[in-house]
Amino acid sequence: MYKLYGSLGAASLAPHCVLEASAAPYEFIPVDISDDVERDPEYLKLNLHGRVPTLVMGDEIMMESAAISMYLADKYPKAQMSPRVDDPRRWEYLQWMIYLTNTLQETMLLKRYGSGYTTDPDPSAVSESAAARLVRILGIIEAGLGKHDGAFFLGDSLSTADIYLNMILGWDPEIGAGAKDAEGWPKIGKSYDALFSRDDVARILVENGFPEPSA
Ligand SMILES: N[C@@H](CCC(=O)N[C@@H](CS)C(=O)NCC(=O)O)C(=O)O
């Protein structure tokens with residue numbers, strides 16, 4: 001039995017979707033990650049940062065949302081969440097997963113939590129430059145989504161990359177999942193709507209507070 005420690009709407013969403021699709025037995029254990037709440041010392045033993053997600057598999061403890069998502073997607077191919085290692089689109093899948101986690105996610109953090117990245121008492125310069133970079137990054141993602149026919153990075157095949165993208169965008173109140181609150185990224189919006197074509201993914205998105213696409 002897997003134990004996924006997470007928080008609704010947070011970085012646990014992507015691995016949560018993969019677990020739900022995998023049909024493997026799992027338990028979702030909520031962790032309160034509010035700023036004003038001290039981390040449970042028992043949880044800090046599992047995740048030294050006190051962040052979510054953490055996946056516990058017997059004696060093994062794994063962190064990092066993208067890594068957990070890719071690991072589970074590979075382990076449960078019937079979940080159809082990643083191309084197999086010999087699939088011609090495998091490299092694109094890896095490229096987008098890494099880009100999303102080390103470029104989009106990092107830039108979002110700089111934009112939202114600029115004060116953690118500078119000693120300047122006024123962090124606005126950090127946030128503003130990250131916001132400008134974010135626009136460029138979203139343009140690159142929009143172009144990537146246009147490379148193949150279909151709503152997803154890999155065309156018609158949904159993968160963890162599409163969930164990961166919309167999970168991260170959902171954290172930014174100015175952009176939102178599917179870039180709904182911003183103009184100019186229609187393919188990102190389409191990828192969000194298309195996530196709901198799978199009942200297992202839709203179930204977890206809704207549970208995590210992501211709105212269903214309007215008809
Ligand atoms: N690099 C980590 C980052 C995880 C992360 O930032 N999680 C946030 C929620 S989305 C968190 O736990 N924040 C609470 C905290 O930093 O104390 C991953 O991708 O798994």
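Met167 lies in helix H6. The model is predicted. Is Met167 buried or exposed? Met167 counts as buried because 28 other C-beta atoms lie within 10 Å, and the cut-off for burial is 20 or more. Leaving out residues up to four places away in sequence, Met167 touches Ala11, Leu13 and Ala14.

Now take the whole of H6. The helix is mostly covered, with 10 of its 10 residues buried. Among them are Thr160, Asp162 and Asn166, as well as Ala161, Tyr164 and Leu165. What covers these residues? The cover includes H1, H3, H4, H5, H7 and H8.

Leu100 shows some of the packing. Apart from neighbours within four places in sequence, Leu100 is in contact with Gln105, Ala161, Tyr164, Leu165 and Ile168.

Next, helix H7 (residues 186-195). Its buried residues are Ile188, Gly189, Ser191, Tyr192 and Leu195. Viewed down the axis of H7, the buried residues fall within an arc of 160°, so they line one face of the helix. Helix H5 (124-145), helix H6 (160-169) and helix H8 (199-207) are included in what covers them.

Step back to the domains. The domain assignment gives domain 1 (2-79) and domain 2 (90-198). Their centres, taken over C-alpha atoms, are separated by 21 Å. The contact takes 10 residues from domain 1 and seven residues from domain 2. On the side of domain 1 that touches domain 2, helix H1 (13-22) and helix H3 (65-75) each supply at least two residues. By class, that side has eight nonpolar, two polar and no charged residues.

The ligand comes next. Which residues are around it? They are Ala10, Ala11, Ile33, Gly50, Arg51, Val52, Pro53, Glu64 and Ser65. By class, this shell has five nonpolar, two polar and two charged residues.

Two members of the shell bring us to the backbone. Most residues other than glycine have a negative phi, and most peptide bonds are trans. The peptide bond from Val52 to Pro53, however, is cis, with omega near 5°. Pro53 is found in the loop between helix H2 (41-46) and strand E3 (54-57).

Glu64 is not a glycine, yet has a positive phi of about 80°. Glu64 lies in the loop between strand E4 (60-63) and H3. With 16 C-beta neighbours inside 10 Å, Glu64 counts as partly exposed. Ala23 is not a glycine either, and has a positive phi of about 70°. Ala23 is found in the loop between H1 and strand E2 (26-30). Ala23 is exposed, because 11 other C-beta atoms lie within 10 Å and the limit for exposed is 12 or fewer.

Key
Residues numbered from 1 in each chain as written. Predicted model: local features only at pLDDT ≥ 70, side-chain atom pairs only at ≥ 80, totals over all residues. Domains from an automatic or database assignment. Contact = placed C-beta atoms within 7 Å. Helix = DSSP H or I, 4+ residues; strand = E, 2+ residues; numbered from the N terminus. Nonpolar A, V, L, I, M, F, W, Y, C, P; charged D, E, K, R; others polar. Arc of directions from axis to C-beta. Near = placed C-beta within 6 Å.
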